[in-house]
Amino acid sequence: MSSGNTPLDWRLADAADLPVLTGHIADFYREDQIPLNRERVQAGLQQLLAAPANGAVLILSTAQEAFAGYITLGWCFSIEQGGRFVLLDELYLVPAVRGQGLGRQALALAAQWARQQGAAVMRLEVNHHNARAKALYLSCGYADDQRDLLSLDLSA
């Protein structure tokens, strides 16, 4: 499955991973210019880890890196998508492992997890400024739906 020389392994995250995940999430948000609302992210992460029906967090590792990154996957519903589908919410690789083909492997692992859970569709979002990530996603078979994702903060 590897397109590079380094095989990527994964395991399901649990509550003990929360401190390490929180730090890497902050790194990811800083790098990708995503505003970090720590309380909201912490609450969402805790819900995801506590209830497998919401999805999963996959901790990524290599022989050299015990924590090479993470993937968050969440269940969503859309009649257009035929019902339940998986949102690949976040994919982050630590800088030390980038450029080795692990992003492609991580996407394949996420798709494998989603298929094993019965999903027929997996979707993701990518920031407009992240052309490198978008090129990777397109090369892995994701389609650009030519739509913008809009959000309304209901807590405001």
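Rings of Phe, Tyr and Trp (its six-membered ring) pair if their centres lie within 6.5 Å; planes under 30 degrees apart count as stacked, over 60 as edge-to-face and the rest as tilted. By this criterion, a search of the whole structure finds five aromatic pairs. The structure is a predicted model, in which local features need pLDDT of at least 70, side-chain atom pairs count only at pLDDT 80 or more, and totals for chains, interfaces and linings use all residues. Residues are numbered from 1 along each chain as its sequence is written, and side-chain values use heavy atoms, with hydrogens and water left out.

**Aromatic pair**
- The ring centres of Phe28 and Tyr92 are 5.8 Å apart with planes at 50°, so this pair is tilted.

**Helices α1 and α2**
- The axes of α1 and α2 (residues 38-50) come within 11 Å and cross at roughly 130°; axes are lines fitted to C-alpha atoms, for helices over the stretch in contact, and angles run from 0 to 180 degrees between N-to-C directions.
- That angle makes α1 oblique to α2, given that angles under 35 degrees count as roughly parallel, over 145 as roughly antiparallel, 65 to 115 as roughly perpendicular and the rest as oblique.
- Contact (heavy atoms within 4.5 Å) involves, among others, Leu18, Leu21 and Ile25 of α1 and Val41, Leu45 and Leu49 of α2.

**Helices α3 and α4**
- The axes of α3 (residues 102-116) and α4 (residues 131-139) come within 10 Å and cross at roughly 55°.
- Gly103, Arg104 and Leu107 of α3 meet Leu136, Tyr137 and Ser139 of α4 in the contact.

**Annotated span**
- UniProt, in an unreviewed entry, places the feature "domain: N-acetyltransferase" at residues 8-156; such annotations may be inferred rather than shown by experiment.
- The end C-alpha atoms of residues 8-156 lie 40 Å apart, and the span is 34% helix and 23% strand.

Conventions:
Helix = DSSP H or I, 4+ residues; strand = E, 2+ residues; numbered from the N terminus.
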